[in-house]
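Here are a few notes to read alongside the model. Keep the 3D view open and click along as you go.

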Amino acid sequence: MSISSLEMGVLGRVEIDADPDLDAAVFVALGSNDKGGWVDSAQALEAALAQFASERIEVVARSSWWRSQAWPDPTDPPFLNGVARVRTALDAHGLMAALGRIEQAFGRTRGTRNAPRTLDLDLIAYGREVGERDELILPHPRASDRLFVMGPLAEIAPGWRHPVLGETAEALAKAAAVGVDARPLT
């Protein structure tokens with residue numbers, strides 16, 4: 001099932017992939033707390049999802065957008081986050097490079113860690129790949145503890161199991177200790 005940007009809606013409707021093979025699933029987290037040139041962060045995130053196709057990344061499922069306080073500095077603008085399940089012929093490093101190009105096109109600059117940003121794209125899991133190679137750690141080393149990642153992931157794939165911890169996305173969302181104020185937009 002492929003999802004067009006027109007089907008996604010402004011707030012981001014939950015779309016679930018009918019493919020039950022979660023062992024091969026590739027998940028990308030999206031976040032924004034600086035609207036940049038867009039009306040708001042939701043519009044920036046929708047535009048980012050639309051850009052995936054230009055990098056040969058097909059969105060097959062996506063969560064709603066979740067709002068949470070900025071972390072670790074709650075005085076920064078609040079974040080919108082979501083998760084997309086994608087399909088691509090790119091390997092993990094190629095996918096990371098493509099995500100970096102999309103971030104750069106959206107004005108992402110790397111400077112102060114955790115500073116406000118127009119777009120943050122993180123590779124959460126690439127199938128069952130585990131380990132560190134050339135500065136890429138899979139699965140994402142901190143995603144399992146973040147409600148603003150596990151909550152959206154659990155929306156689209158509650159039964160996905162973390163390749164190292166063995167816990168489901170649903171269980172990890174319930175146990176998350178970071179970003180516990182995260183809630184889906186309604």
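**Notes on a central strand and the cores around it**

1. Start with how β1 is paired. This is a predicted model, and in it β1 runs antiparallel to strand β4 (residues 79-88), with 7 bridges joining the two.

2. Now look at β5 (residues 120-126). It also pairs with β1 in the antiparallel sense, over 6 bridges. Here Ala29 has Asp122 of β5 as its bridge partner.

3. Why is β1 described as largely enclosed by the rest of the structure? Because 7 of the 7 residues in this strand (residues 26-32) are buried.

4. Check the two faces of β1. In a regular strand, side chains alternate between the two faces of the sheet. Val26, Val28, Leu30 and Ser32 point one way, Phe27, Ala29 and Gly31 the other, and all are buried.

5. Next, the largest nonpolar core, which has 27 residues. Leu30, Phe52 and Leu123 are among those with the most contacts inside it. Elements giving it two or more residues include β1, α2, β4 and β5, while α3 gives the most, with 5.

6. Zoom in on Phe52. Leaving out residues up to four places away in sequence, Phe52 touches Val28, Leu30, Ile57, Val59, Val86, Leu99, Ile102 and Leu121. There is also a second, separate core of 24 residues, including Ala29 and Leu147.

7. Last, helix α2 (residues 41-51). Its buried residues include Ala42, Leu45 and Leu49. At the start of α2, a side-chain oxygen of Asp40 comes within 3.2 Å of the backbone nitrogen of Ala42.

Definitions and conventions:
Residues numbered from 1 in each chain as written. Predicted model: local features only at pLDDT ≥ 70, side-chain atom pairs only at ≥ 80, totals over all residues. Heavy atoms only, no water. Buried < 20%, exposed > 50% of the residue type's maximum accessible area, 1.4 Å probe, protein only. Helix = DSSP H or I, 4+ residues; strand = E, 2+ residues; numbered from the N terminus. Polar contact = N/O pair within 3.5 Å; in protein donor to acceptor, adjacent residues only side chain to side chain. Pairing = 2+ DSSP bridges. Core = buried A, V, L, I, M, F, W, Y, C linked by side-chain atoms within 4.5 Å. Contact = heavy atoms within 4.5 Å.
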